[in-house]
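Please read the following briefing alongside the sequence and the model, which are shown here.

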Amino acid sequence: MKDQINSIGILTSGGDAPGMNAVIRAVVKAAISNNIKVKGILKGYNGLLNGEMINLENHSVSDIIQRGGTILYTDRCEEFKTDEGQKRGAKICRDNGIDYLVVIGGDGSFCGAKKLSELGIKIIAIPATIDLDIACTEYTIGFDTAVNTAMEAIDRIKDTSTSHERCSVVEVMGRNAGYIALWCGIANGAEDIFIPGIRNTNEEKLIENIKKNRKNGKKHYIIINAEGIGGSEELAKRISKATGMEARATILGHLQRGGSPTAKDRFMGTLMGSYAVDLIINGKSNRVVAVKNGALVDYDIVEALNMSKSIDEYQYHVYKILSN
Ligand code: ADP
Ligand code: F6P
């Protein structure tokens, strides 16, 4: 099967995620060891539409496994959401001898990949987003690094918050997903978390709890607010006014997306990248690499995009029990 492959393209798309470089490195090295050429497409679908490509060799991916971000750069591209943009993208792949395209990114990037697959480009998609919000997989590259970065930042905020006997509202990333917020809620021992989709968020109860805990001598109160809920500054002001406890908001923002990937993101990125090349040399296409019950698996891209997932009820239950 591999003799028929001209070359494979690889791109990173959407928000970057620590560990993307480990995936790129694994794809390039595994492909080259199977005598397959690799073309790196720069800046996601935007770069594809502009024909921005470089040949990737073993030396191109040396000394990158420990680096955050993506050596291929990334972008968002409105034009690629149109039929015309997708047709142009597929033609550019064909004109450049790209038989397979490896797309590293989140759900949005996978939607674009699915469109290309419908236009005859063979696709392998690898989940990489700090949000952990891709339904078909238990793991997405970048989550481990991001959640550890957020956890460490919240520990620091908690120190100063305690010294000053303040309440802290910490806003973590996650677009419409609450995974970073839930994990930090548990890992930081937060007093409260606000997560999209969880309807029992109750500000009145939160205020009552702060007042009660103040009376009992509690010196800090950490609230983790998911980006999808937002309004952290306003929430902090309302808490100060209603409780008399000084409340401050910190929006962690992009610091959660940068930094050297953890061992888990390097390890999983490397395995997922190698697995993608195994799929290619075995003649499989239009597949999403995923983790199920801790093992690597692959799904048809249409099936994968039709799946849904939500916050694990037991994990939320554990946080609730321990947060009081
Ligand atoms: P992520 O991949 O992290 O979810 P986005 O949702 O921003 O990030 O999507 C990244 C890019 O994928 C978009 O800028 C666009 O180019 C492409 N994309 C997203 N949704 C679609 C879609 N429905 N059809 C085609 N391309 C899409
Ligand atoms: O999808 C990853 C992510 O970091 C989300 O958590 C966040 O909502 C979004 O990207 C931010 O994107 P940008 O860097 O374009 O503001």
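A backbone N or O atom of Asp-107 lies 3.5 Å from an oxygen atom of ligand 1, a polar contact being a pair of N or O atoms within 3.5 Å, where within protein one must be able to donate a hydrogen and the other to accept it, and residues adjacent in sequence count only if both atoms are side-chain atoms. This is a predicted model, in which local features need pLDDT of at least 70 and side-chain atom pairs count only at pLDDT 80 or more, while totals for chains, interfaces and linings use all residues. Residues are numbered from 1 along each chain as written, chains are lettered from A and ligands numbered from 1 in the order in which they are written, and side-chain values use heavy atoms, without hydrogens and water.

**Ligand 1**
- Ligand 1 is surrounded by 16 residues, the closest being Arg-76, Cys-77, Gly-108, Ser-109 and Arg-175, where a residue counts as near if one of its heavy atoms lies within 4 Å.
- An oxygen atom of ligand 1 lies 3.0 Å from a backbone N or O atom of Gly-108, and an oxygen atom of ligand 1 is 2.9 Å from an N or O atom in the side chain of Arg-175.

**Ligand 2**
- The residues around ligand 2 include Arg-76, Asp-131, Arg-175, Glu-227 and His-254.
- A polar side-chain atom of Arg-76 is 2.5 Å from an oxygen atom of ligand 2, whereas for Arg-175 a polar backbone atom lies 3.3 Å from an oxygen atom of ligand 2.
- An N or O atom in the side chain of Glu-227 lies 2.8 Å from an oxygen atom of ligand 2.
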